[in-house]
Amino acid sequence: MSILTYSGCISVGRHGLPLLDKADWNDALRLDHVVMKGPEKEARYRRQLEEKGQTYGAPLENDLSESVMNACLLKIAADQVAAMAPGIGKDADGAWAADLARRVTRSMQQNAWKGDFFARCLINDGRAGGYTYLGAGGDGLAHDPEHPGTYFLNSYSWSVLAGVATEEQIATMLGRVNQYLKTEAGLKLCTIVEYGRLGINGGSALYFPGDRENGGVFKHAAMMATVASLQAAKWVKSETLAKELIALASFMIERTVPYATMDRPYVLKGNPRFCTQYNNSETCEQIGPMLSGTASWLTLAIYEFLGLDVAAETLTLTPVLLPGRERMGYRLQLEDTLIEVEITGKAGRVRPGSGTEYRLDGETVGQTIPRPHGGTHRLSICL
(Lines give C-alpha, C1' and ligand atoms only; values in the text may rest on other atoms or scores of the structure.)
Protein backbone atom coordinates (compact mmCIF):
# COMPACT_ATOMS: atom_id res chain seq x y z
CA MET A 1 0.00 0.00 0.00
CA SER A 2 2.91 2.34 0.67
CA ILE A 3 4.09 1.91 -2.92
CA LEU A 4 0.63 2.70 -4.28
CA THR A 5 0.39 5.73 -1.99
CA TYR A 6 3.77 7.05 -3.13
CA SER A 7 3.28 6.36 -6.84
CA GLY A 8 -0.40 7.23 -7.02
CA CYS A 9 -0.80 10.07 -4.51
CA ILE A 10 2.55 11.68 -3.70
CA SER A 11 4.99 11.46 -6.62
CA VAL A 12 2.41 12.64 -9.13
CA GLY A 13 2.00 15.61 -11.44
CA ARG A 14 -0.78 18.06 -12.12
CA HIS A 15 -3.08 15.42 -13.55
CA GLY A 16 -2.56 12.89 -10.77
CA LEU A 17 -0.36 10.62 -12.89
CA PRO A 18 3.08 9.34 -11.77
CA LEU A 19 6.10 11.51 -12.52
CA LEU A 20 8.47 10.62 -15.34
CA ASP A 21 11.52 11.54 -13.23
CA LYS A 22 14.86 10.82 -14.91
CA ALA A 23 13.32 8.03 -17.00
CA ASP A 24 10.46 5.61 -16.45
CA TRP A 25 11.99 2.72 -18.37
CA ASN A 26 15.27 1.84 -20.06
CA ASP A 27 14.44 4.15 -22.98
CA ALA A 28 16.60 7.14 -21.97
CA LEU A 29 13.47 9.29 -22.03
CA ARG A 30 14.07 12.48 -20.08
CA LEU A 31 11.99 15.60 -20.64
CA ASP A 32 12.51 17.84 -17.60
CA HIS A 33 15.44 20.23 -17.37
CA VAL A 34 15.97 19.41 -13.68
CA VAL A 35 15.19 16.04 -12.13
CA MET A 36 15.15 15.36 -8.40
CA LYS A 37 16.86 12.27 -7.06
CA GLY A 38 15.13 10.25 -4.38
CA PRO A 39 16.67 11.82 -1.24
CA GLU A 40 16.13 15.33 -2.60
CA LYS A 41 12.50 14.59 -3.42
CA GLU A 42 11.93 13.09 0.01
CA ALA A 43 13.43 16.12 1.78
CA ARG A 44 11.42 18.53 -0.34
CA TYR A 45 8.25 16.62 0.43
CA ARG A 46 8.89 16.68 4.19
CA ARG A 47 9.41 20.46 4.05
CA GLN A 48 6.17 20.89 2.11
CA LEU A 49 4.18 18.91 4.67
CA GLU A 50 5.68 20.89 7.56
CA GLU A 51 5.33 24.31 5.97
CA LYS A 52 1.76 23.82 4.76
CA GLY A 53 0.45 21.66 7.56
CA GLN A 54 -0.44 18.86 5.16
CA THR A 55 -0.78 15.19 6.03
CA TYR A 56 1.24 12.39 4.47
CA GLY A 57 -0.31 11.41 1.17
CA ALA A 58 -0.85 14.91 -0.15
CA PRO A 59 0.62 15.32 -3.64
CA LEU A 60 4.12 16.74 -4.03
CA GLU A 61 3.83 20.23 -5.46
CA ASN A 62 5.70 20.34 -8.76
CA ASP A 63 5.45 21.15 -12.45
CA LEU A 64 7.35 18.07 -13.66
CA SER A 65 6.39 15.75 -16.52
CA GLU A 66 4.05 12.82 -15.99
CA SER A 67 4.55 9.35 -17.43
CA VAL A 68 1.55 7.72 -19.07
CA MET A 69 3.42 4.41 -19.12
CA ASN A 70 3.96 4.61 -15.36
CA ALA A 71 0.28 5.46 -14.98
CA CYS A 72 -0.63 2.23 -16.77
CA LEU A 73 1.74 0.19 -14.57
CA LEU A 74 0.22 1.85 -11.51
CA LYS A 75 -3.28 1.00 -12.70
CA ILE A 76 -2.33 -2.66 -13.16
CA ALA A 77 -0.80 -2.77 -9.67
CA ALA A 78 -3.87 -1.13 -8.15
CA ASP A 79 -6.15 -3.61 -9.92
CA GLN A 80 -4.10 -6.51 -8.56
CA VAL A 81 -4.22 -5.17 -5.00
CA ALA A 82 -7.96 -4.59 -5.30
CA ALA A 83 -8.41 -8.22 -6.35
CA MET A 84 -6.11 -9.76 -3.73
CA ALA A 85 -6.75 -7.62 -0.65
CA PRO A 86 -10.14 -9.14 0.27
CA GLY A 87 -8.51 -12.57 0.33
CA ILE A 88 -6.49 -11.56 3.38
CA GLY A 89 -9.21 -9.53 5.05
CA LYS A 90 -8.00 -6.16 3.79
CA ASP A 91 -11.30 -5.05 2.27
CA ALA A 92 -10.68 -1.34 2.96
CA ASP A 93 -7.29 -1.48 1.24
CA GLY A 94 -8.88 -3.25 -1.71
CA ALA A 95 -11.57 -0.61 -2.03
CA TRP A 96 -8.95 2.17 -1.83
CA ALA A 97 -6.86 0.50 -4.55
CA ALA A 98 -9.91 0.06 -6.77
CA ASP A 99 -10.69 3.76 -6.38
CA LEU A 100 -7.08 4.62 -7.30
CA ALA A 101 -7.37 2.50 -10.46
CA ARG A 102 -10.56 4.35 -11.40
CA ARG A 103 -8.91 7.75 -10.78
CA VAL A 104 -5.92 6.84 -12.96
CA THR A 105 -8.19 5.62 -15.75
CA ARG A 106 -10.33 8.74 -15.58
CA SER A 107 -7.31 11.05 -15.72
CA MET A 108 -5.79 9.16 -18.63
CA GLN A 109 -9.01 9.39 -20.58
CA GLN A 110 -9.43 13.09 -19.82
CA ASN A 111 -5.81 14.22 -20.16
CA ALA A 112 -3.68 11.65 -21.97
CA TRP A 113 -5.95 10.61 -24.85
CA LYS A 114 -5.18 13.02 -27.68
CA GLY A 115 -7.65 11.90 -30.33
CA ASP A 116 -5.51 9.36 -32.17
CA PHE A 117 -3.19 7.95 -29.49
CA PHE A 118 -2.42 8.04 -25.80
CA ALA A 119 0.39 10.50 -25.14
CA ARG A 120 3.66 9.09 -23.88
CA CYS A 121 4.17 11.91 -21.35
CA LEU A 122 2.41 15.07 -20.20
CA ILE A 123 4.60 18.21 -19.98
CA ASN A 124 3.50 20.61 -17.25
CA ASP A 125 6.10 23.36 -16.91
CA GLY A 126 4.84 25.83 -19.50
CA ARG A 127 7.59 24.82 -21.91
CA ALA A 128 8.65 27.37 -24.50
CA GLY A 129 6.81 26.70 -27.73
CA GLY A 130 3.67 25.64 -25.91
CA TYR A 131 4.48 21.93 -25.84
CA THR A 132 2.17 20.17 -23.37
CA TYR A 133 2.68 16.51 -24.23
CA LEU A 134 4.92 14.08 -26.07
CA GLY A 135 3.48 11.35 -28.27
CA ALA A 136 0.23 11.40 -30.32
CA GLY A 137 -1.02 13.67 -33.04
CA GLY A 138 -0.64 17.38 -32.56
CA ASP A 139 2.33 17.29 -30.19
CA GLY A 140 4.38 19.35 -32.66
CA LEU A 141 7.49 17.21 -32.17
CA ALA A 142 7.57 14.98 -35.26
CA HIS A 143 10.78 14.91 -37.27
CA ASP A 144 8.91 13.84 -40.41
CA PRO A 145 6.68 16.70 -41.62
CA GLU A 146 4.26 14.12 -43.04
CA HIS A 147 3.59 12.72 -39.57
CA PRO A 148 0.78 14.37 -37.56
CA GLY A 149 2.75 13.80 -34.37
CA THR A 150 5.17 11.41 -32.72
CA TYR A 151 4.11 7.91 -31.70
CA PHE A 152 5.42 5.58 -29.00
CA LEU A 153 4.70 1.86 -29.05
CA ASN A 154 4.54 1.64 -25.26
CA SER A 155 1.57 4.02 -25.15
CA TYR A 156 -0.36 1.54 -27.28
CA SER A 157 0.85 -1.56 -25.44
CA TRP A 158 0.33 -0.45 -21.87
CA SER A 159 -2.96 1.37 -22.31
CA VAL A 160 -4.30 -1.96 -23.62
CA LEU A 161 -2.57 -4.16 -21.05
CA ALA A 162 -3.84 -1.91 -18.26
CA GLY A 163 -7.43 -2.12 -19.48
CA VAL A 164 -7.61 1.65 -20.02
CA ALA A 165 -8.07 1.83 -23.80
CA THR A 166 -11.57 1.37 -25.22
CA GLU A 167 -12.29 -0.67 -28.33
CA GLU A 168 -12.64 2.50 -30.40
CA GLN A 169 -9.32 3.83 -29.09
CA ILE A 170 -7.60 0.52 -29.80
CA ALA A 171 -8.85 0.58 -33.38
CA THR A 172 -7.62 4.16 -33.82
CA MET A 173 -4.21 3.47 -32.28
CA LEU A 174 -3.81 0.29 -34.31
CA GLY A 175 -4.10 2.35 -37.48
CA ARG A 176 -1.28 4.63 -36.31
CA VAL A 177 0.86 1.65 -35.26
CA ASN A 178 0.49 0.04 -38.67
CA GLN A 179 1.14 3.32 -40.46
CA TYR A 180 4.01 4.79 -38.47
CA LEU A 181 5.59 2.10 -36.26
CA LYS A 182 5.43 -1.06 -38.38
CA THR A 183 8.62 -1.69 -40.35
CA GLU A 184 10.09 -4.68 -42.12
CA ALA A 185 12.27 -5.24 -39.05
CA GLY A 186 9.26 -5.18 -36.72
CA LEU A 187 7.44 -2.69 -34.53
CA LYS A 188 9.80 0.13 -33.66
CA LEU A 189 9.84 1.75 -30.24
CA CYS A 190 8.92 5.21 -31.51
CA THR A 191 8.95 7.53 -34.48
CA ILE A 192 11.76 10.06 -34.66
CA VAL A 193 11.27 12.91 -32.19
CA GLU A 194 12.69 16.44 -32.46
CA TYR A 195 13.71 16.60 -28.80
CA GLY A 196 15.64 19.82 -29.46
CA ARG A 197 12.35 21.70 -29.74
CA LEU A 198 11.80 20.93 -26.05
CA GLY A 199 15.12 22.54 -25.17
CA ILE A 200 16.63 19.29 -23.91
CA ASN A 201 19.36 16.92 -25.03
CA GLY A 202 17.86 13.60 -24.03
CA GLY A 203 19.74 10.35 -24.45
CA SER A 204 17.27 9.04 -27.02
CA ALA A 205 18.23 11.73 -29.53
CA LEU A 206 21.92 10.83 -29.42
CA TYR A 207 21.48 7.64 -31.45
CA PHE A 208 21.30 7.43 -35.22
CA PRO A 209 17.74 7.26 -36.61
CA GLY A 210 16.48 3.69 -36.43
CA ASP A 211 19.04 2.81 -33.78
CA ARG A 212 18.29 1.83 -30.20
CA GLU A 213 15.87 4.23 -28.46
CA ASN A 214 15.74 6.47 -31.51
CA GLY A 215 13.38 4.27 -33.50
CA GLY A 216 14.96 0.87 -32.94
CA VAL A 217 12.94 -2.34 -32.82
CA PHE A 218 13.31 -3.53 -29.25
CA LYS A 219 11.95 -7.04 -29.31
CA HIS A 220 10.80 -7.09 -25.69
CA ALA A 221 8.83 -3.87 -26.24
CA ALA A 222 7.42 -5.28 -29.48
CA MET A 223 6.40 -8.44 -27.64
CA MET A 224 4.55 -6.30 -25.09
CA ALA A 225 2.56 -4.90 -28.02
CA THR A 226 2.04 -8.45 -29.29
CA VAL A 227 0.64 -9.66 -25.97
CA ALA A 228 -1.57 -6.58 -25.74
CA SER A 229 -2.89 -7.17 -29.25
CA LEU A 230 -3.70 -10.82 -28.57
CA GLN A 231 -5.42 -9.99 -25.30
CA ALA A 232 -7.53 -7.30 -26.95
CA ALA A 233 -8.39 -9.59 -29.86
CA LYS A 234 -10.24 -11.86 -27.43
CA TRP A 235 -12.63 -9.23 -26.08
CA VAL A 236 -13.25 -6.56 -28.73
CA LYS A 237 -16.68 -6.87 -30.33
CA SER A 238 -15.54 -6.25 -33.91
CA GLU A 239 -14.47 -9.43 -35.71
CA THR A 240 -12.59 -7.29 -38.23
CA LEU A 241 -10.63 -5.54 -35.51
CA ALA A 242 -9.90 -8.86 -33.80
CA LYS A 243 -8.41 -10.23 -37.03
CA GLU A 244 -6.32 -7.09 -37.52
CA LEU A 245 -4.96 -7.36 -33.97
CA ILE A 246 -4.11 -11.03 -34.48
CA ALA A 247 -2.42 -10.21 -37.80
CA LEU A 248 -0.19 -7.63 -36.11
CA ALA A 249 0.72 -10.11 -33.39
CA SER A 250 1.53 -12.80 -35.95
CA PHE A 251 3.72 -10.37 -37.90
CA MET A 252 5.80 -9.57 -34.82
CA ILE A 253 6.07 -13.15 -33.56
CA GLU A 254 7.46 -14.23 -36.92
CA ARG A 255 10.20 -11.59 -36.62
CA THR A 256 11.07 -12.43 -33.04
CA VAL A 257 11.30 -16.22 -32.88
CA PRO A 258 15.04 -16.89 -32.76
CA TYR A 259 15.17 -19.19 -35.76
CA ALA A 260 14.02 -16.29 -37.98
CA THR A 261 17.67 -15.20 -38.03
CA MET A 262 18.41 -18.11 -40.36
CA ASP A 263 16.33 -16.56 -43.14
CA ARG A 264 19.06 -13.96 -43.77
CA PRO A 265 21.90 -14.89 -41.41
CA TYR A 266 24.50 -12.52 -42.89
CA VAL A 267 22.16 -9.54 -42.39
CA LEU A 268 20.18 -10.51 -39.33
CA LYS A 269 23.06 -12.17 -37.49
CA GLY A 270 21.99 -13.37 -34.08
CA ASN A 271 21.94 -16.87 -32.71
CA PRO A 272 19.04 -19.12 -33.79
CA ARG A 273 18.79 -20.41 -30.20
CA PHE A 274 18.34 -17.01 -28.55
CA CYS A 275 16.46 -13.73 -28.97
CA THR A 276 18.77 -10.83 -29.69
CA GLN A 277 18.22 -7.45 -28.07
CA TYR A 278 16.96 -5.24 -30.89
CA ASN A 279 16.96 -4.48 -34.61
CA ASN A 280 17.79 -1.30 -36.42
CA SER A 281 14.42 -0.42 -37.97
CA GLU A 282 16.03 0.88 -41.16
CA THR A 283 18.72 -1.74 -41.86
CA CYS A 284 17.01 -4.70 -40.11
CA GLU A 285 20.38 -5.66 -38.60
CA GLN A 286 20.12 -7.47 -35.29
CA ILE A 287 22.28 -5.93 -32.61
CA GLY A 288 23.21 -6.60 -29.04
CA PRO A 289 23.29 -9.63 -26.80
CA MET A 290 20.41 -11.90 -26.02
CA LEU A 291 17.89 -10.19 -23.77
CA SER A 292 15.92 -12.17 -21.22
CA GLY A 293 12.96 -9.78 -21.39
CA THR A 294 12.41 -10.75 -25.02
CA ALA A 295 12.25 -14.43 -24.16
CA SER A 296 9.83 -13.76 -21.30
CA TRP A 297 7.43 -11.66 -23.35
CA LEU A 298 7.69 -14.02 -26.33
CA THR A 299 6.68 -16.84 -24.00
CA LEU A 300 3.72 -14.79 -22.76
CA ALA A 301 2.73 -14.11 -26.38
CA ILE A 302 2.82 -17.81 -27.20
CA TYR A 303 0.67 -18.57 -24.16
CA GLU A 304 -1.79 -15.93 -25.36
CA PHE A 305 -2.27 -17.31 -28.86
CA LEU A 306 -2.37 -20.89 -27.57
CA GLY A 307 -4.93 -19.63 -25.06
CA LEU A 308 -3.38 -21.33 -22.04
CA ASP A 309 -4.33 -20.41 -18.48
CA VAL A 310 -3.25 -23.20 -16.15
CA ALA A 311 -4.44 -23.07 -12.55
CA ALA A 312 -4.03 -25.56 -9.71
CA GLU A 313 -7.21 -27.49 -10.46
CA THR A 314 -8.55 -25.97 -13.68
CA LEU A 315 -7.46 -25.35 -17.25
CA THR A 316 -8.88 -22.49 -19.33
CA LEU A 317 -8.29 -22.33 -23.08
CA THR A 318 -9.05 -19.27 -25.21
CA PRO A 319 -6.85 -19.77 -28.31
CA VAL A 320 -6.73 -17.75 -31.50
CA LEU A 321 -5.86 -18.88 -34.99
CA LEU A 322 -3.09 -16.97 -36.71
CA PRO A 323 -3.73 -15.61 -40.23
CA GLY A 324 -3.93 -18.23 -42.95
CA ARG A 325 -4.50 -21.11 -40.54
CA GLU A 326 -7.66 -23.14 -40.27
CA ARG A 327 -6.33 -25.49 -37.63
CA MET A 328 -3.64 -25.68 -34.99
CA GLY A 329 -2.52 -28.40 -32.61
CA TYR A 330 -0.15 -28.84 -29.71
CA ARG A 331 0.62 -31.23 -26.90
CA LEU A 332 0.41 -29.99 -23.34
CA GLN A 333 2.37 -31.92 -20.70
CA LEU A 334 1.24 -31.21 -17.13
CA GLU A 335 3.27 -33.39 -14.78
CA ASP A 336 2.04 -36.95 -15.47
CA THR A 337 -0.78 -35.79 -17.74
CA LEU A 338 -0.61 -35.33 -21.52
CA ILE A 339 -3.34 -33.32 -23.25
CA GLU A 340 -3.45 -33.31 -27.05
CA VAL A 341 -5.13 -30.08 -28.12
CA GLU A 342 -6.59 -29.53 -31.58
CA ILE A 343 -8.13 -26.20 -32.62
CA THR A 344 -10.12 -25.67 -35.80
CA GLY A 345 -11.91 -22.65 -37.21
CA LYS A 346 -15.25 -22.61 -38.98
CA ALA A 347 -16.76 -19.90 -41.16
CA GLY A 348 -13.64 -17.78 -40.83
CA ARG A 349 -13.67 -17.75 -37.02
CA VAL A 350 -10.30 -16.96 -35.43
CA ARG A 351 -11.24 -16.71 -31.72
CA PRO A 352 -13.63 -18.30 -29.23
CA GLY A 353 -17.20 -17.03 -29.23
CA SER A 354 -20.72 -18.03 -28.33
CA GLY A 355 -20.73 -20.90 -30.84
CA THR A 356 -17.35 -22.38 -29.88
CA GLU A 357 -17.47 -26.09 -29.07
CA TYR A 358 -15.14 -27.75 -26.54
CA ARG A 359 -14.92 -31.54 -26.27
CA LEU A 360 -12.67 -33.41 -23.82
CA ASP A 361 -12.27 -37.10 -24.63
CA GLY A 362 -15.46 -36.87 -26.68
CA GLU A 363 -17.53 -35.21 -23.97
CA THR A 364 -18.85 -31.64 -24.32
CA VAL A 365 -17.22 -29.23 -21.86
CA GLY A 366 -16.78 -25.47 -21.43
CA GLN A 367 -13.67 -23.38 -21.98
CA THR A 368 -12.70 -23.90 -18.32
CA ILE A 369 -12.36 -27.56 -17.39
CA PRO A 370 -11.17 -29.49 -14.32
CA ARG A 371 -7.54 -30.47 -14.84
CA PRO A 372 -7.24 -34.13 -15.83
CA HIS A 373 -4.77 -36.12 -13.74
CA GLY A 374 -2.77 -38.91 -15.31
CA GLY A 375 -2.88 -40.51 -18.74
CA THR A 376 -3.40 -39.02 -22.19
CA HIS A 377 -6.42 -36.93 -23.08
CA ARG A 378 -7.71 -35.27 -26.24
CA LEU A 379 -9.24 -31.81 -26.21
CA SER A 380 -10.81 -30.48 -29.39
CA ILE A 381 -11.88 -26.85 -29.82
CA CYS A 382 -14.00 -25.75 -32.76
CA LEU A 383 -14.10 -21.97 -32.88
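As a predicted model, it is read with some care: local features need pLDDT of at least 70, side-chain atom pairs count only at pLDDT 80 or more, and totals for chains, interfaces and linings use all residues. Residue numbers start from 1 along each chain as its sequence is written, and side-chain values use heavy atoms, with hydrogens and water left out.

The inside comes first. In soluble globular proteins, nonpolar side chains tend to be buried together. Here, the largest nonpolar core has 87 residues. Such a core is a set of buried Ala, Val, Leu, Ile, Met, Phe, Trp, Tyr and Cys residues joined through side-chain atoms within 4.5 Å. "Buried" stands for under 20% relative accessible area, "exposed" for over 50%, and "partly exposed" for anything in between, using a 1.4 Å probe and protein chains only. The residues with the most contacts inside this core are Met108, Tyr156, Leu187, Leu245 and Leu317. Take Leu187: leaving out residues up to four places away in sequence, its contacts (heavy atoms within 4.5 Å) include Leu153, Val177, Lys182, Val217 and Phe251.

Next come the rings. The structure holds 5 aromatic pairs. Rings of Phe, Tyr and Trp (its six-membered ring) pair if their centres lie within 6.5 Å; planes under 30 degrees apart count as stacked, over 60 as edge-to-face, and the rest as tilted. Trp113 and Phe118 make an edge-to-face pair, at 5.0 Å centre to centre with 65° between the planes, and both residues are buried. Tyr151 and Tyr180 form a stacked pair, because their planes are at 5° and their ring centres 5.3 Å apart. This pair links distant parts of the chain, 29 residues apart: Tyr151 is in the loop between strand 5 (149–150) and helix 5 (153–161), while Tyr180 belongs to helix 6 (residues 167–181). Helices (H or I, at least four residues) and strands (E, at least two) are DSSP runs, numbered from the N terminus. Tyr151 has a relative accessible area of 0%, so it is buried; Tyr180, at 11%, counts as buried too. Together with Phe117, Tyr151 and Tyr180 form one aromatic cluster.

Lys114 lies over the face of Tyr133, at 4.6 Å from the ring centre. Lys182 does likewise with Phe251, at 4.5 Å.

Asn124 is found in the loop between strand 2 (121–122) and strand 3 (133–134). With 4% relative accessibility, Asn124 counts as buried. Its side chain reaches the backbone oxygen of Leu64 at 2.9 Å. Not counting residues up to four places away in sequence, Asn124 also touches Arg14, His15, Asp63, Ser65 and Glu66, among others.

Finally, the backbone. Most residues other than glycine have a negative phi, and most peptide bonds are trans. Asp21, however, has a positive phi, near 55°. Asp21 lies in the loop between helix 1 (2–10) and helix 2 (38–52), and is partly exposed, with a relative accessible area of 22%. Asp361 has a positive phi of about 55° as well. Its place is the loop between strand 15 (357–360) and strand 16 (363–365); at 43% relative accessible area, Asp361 is partly exposed.

Notes:
A charge sits over a ring if NZ of Lys or CZ of Arg is within 6 Å of the ring centre and within 35 degrees of the ring normal. A polar contact is a pair of N or O atoms within 3.5 Å; within protein, one must be able to donate a hydrogen and the other to accept it, and residues adjacent in sequence count only if both atoms are side-chain atoms.
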